[in-house]
Amino acid sequence: MIADSKLVTDVIPSPNHSGKRIYPLTRISIHCVVGQCYASTLGELFADAGYEASSNYGVGFDGSIGQYLPESYRSWCTSSYDNDNRAITIEVASDTVEPYKVTKKAYDALIRLLVDICRRNGKKKLVWFGSKSAALSYAPKDDELVMTVHRWFANKACPGDYLYGLHPQIMAQVNRQLGGTFEAASTAGAKKTETAVLTFNFLARSGYNNVPAQVKMLQRLLRDIRYRGRDGKELTINSRFDANTDYAVRAFQKKNGLTVDGVVGPATWKKLTGAK
Ligand SMILES: [Zn+2]
């Protein structure tokens, strides 16, 4: 087996699969391993036919990337015949306890891998709906990959609240690197009766509807592009729109020619998530 991605550090074929997928590739499913292991350790597990499980890729806590099945193969990963025939599956090393946190190295490797998968497969955009019905009823365009999660198909926490909560951010980061647009990714064609869960609220230090998870996402996005707080330090990811966050937002707005008001409205979100 030859690795599909140049990023792969460990190729360990697994016998646990159903051959080529019977549907076109339209989905991507990110899982948590429940163990801080190397990509090779996971590969050795999946190499055991008795284990009866596999994934296309695995990401180790150290950022190593394993490939266990070709991208064109249906893995045994998501407890769903339908999903695994449409999705490339990726297991990411995680803690063994809630919320199944992953290391920064693993997270960064995951983002690189996702961008690479999209580029090689002609996909320009990841699409995340925080709801199973919205995601599964959506008809993806040829250049889109819909993000799906194991917990929708089985009574499991997978991918854990940590990675699950990061799905909007993962989408935004990957799409920014692919040059995709914020609007299309956030509201992409959900049926009119369904609400795409990713609505970005107005956020500000004083007033507005500060959804903690969105403040958290804002802080991560600002931190990733190295905007510091008023105290001159790296932003603390605390989900609170505090003075340091306010300072970083205003600095970002100033740098990007936006109205410097400390309010994260559509224009600021758009810039932050990479829309042109
Ligand atoms: Zn899983």
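**View 1. Helix α5 packs against helix α7 in this predicted model.** The two helices meet at an angle of about 45 degrees. Their axes are 11 Å apart. α5 and α7 are therefore oblique to each other. Their crossing is right-handed. From α5, the contact takes in Tyr162, Leu166, Pro168, Gln169, Ala172, Gln173 and Arg176. From α7 (residues 212-224), the residues met are Met217, Arg220, Leu221 and Asp224. Sorted by class, six residues of this contact are nonpolar, two are polar and three are charged.

**View 2. Helix α3 packs against helix α5.** α3 covers residues 104-120, and α5 covers residues 160-178. The angle between them is about 50 degrees, with the axes 10 Å apart. The crossing of α3 and α5 is right-handed. On the α3 side stand Tyr107, Leu110, Ile111, Leu114, Val115, Cys118 and Arg119. On the α5 side stand Leu163, Leu166, Gln169, Ile170, Gln173, Val174, Gln177 and Leu178. The class count for the contact of α3 with α5 is 11 nonpolar, three polar and one charged. Leu166, Gln169 and Gln173 of α5 meet α3 here, and these residues of α5 also meet α7.

**View 3. Helix α7 packs against helix α8.** α8 spans residues 243-255. The packing angle is about 55 degrees, and the axes are 11 Å apart. That makes α7 oblique to α8. The crossing of α7 and α8 is left-handed. α7 contributes Leu218, Gln219 and Leu222 to the contact. α8 contributes Thr245, Ala248, Val249 and Phe252. Five of the residues in the contact of α7 with α8 are nonpolar, two are polar and none is charged.

**View 4. Seven strands form an open, mixed sheet.** The strand order is β1-β5-β4-β7-β3-β9-β8. β1 (10-11) and β8 (125-127) stand at the edges. Each edge strand has a single partner, so one side of each is left without a neighbour in the sheet. Inside the order, β3 sits between β7 and β9. β3 (residues 27-32) and β9 (residues 144-148) run parallel. Three bridges join β3 to β9. Arg27 has Val146 of β9 as its bridge partner.

**View 5. Trp128 and Trp152 form a stacked aromatic pair.** The structure holds seven aromatic pairs, and Trp128 with Trp152 is one of them. The ring centres are 5.6 Å apart, with 0 degrees between the planes. Trp128 lies in the loop between β8 and α4 (132-137). Trp152 lies in the loop between β9 and α5. The pair therefore ties together parts that are 24 residues apart in sequence.

**View 6. Ser40 lies in helix α1.** The helix runs over residues 39-46. Ser40 touches Asp10 and Ile12, leaving aside residues up to four places away in sequence. Asp10 falls within the range of edge strand β1 (10-11). Ser40 and Gly66 are 26 residues apart in sequence. In space, their C-alpha atoms are 6.3 Å apart.

Key: Residues numbered from 1 in each chain as written. Predicted model: local features only at pLDDT ≥ 70, side-chain atom pairs only at ≥ 80, totals over all residues. Heavy atoms only, no water. Axes fitted to C-alpha atoms, helices over the stretch in contact; angles between N-to-C directions. Helix = DSSP H or I, 4+ residues; strand = E, 2+ residues; numbered from the N terminus. Left-handed = near helix turned anticlockwise from the far one by under 90°. Contact = heavy atoms within 4.5 Å. Nonpolar A, V, L, I, M, F, W, Y, C, P; charged D, E, K, R; others polar. Pairing = 2+ DSSP bridges. Phe/Tyr/Trp six-rings, centres within 6.5 Å; stacked < 30°, edge-to-face > 60°. Parallel < 35°, antiparallel > 145°, perpendicular 65-115°, else oblique.
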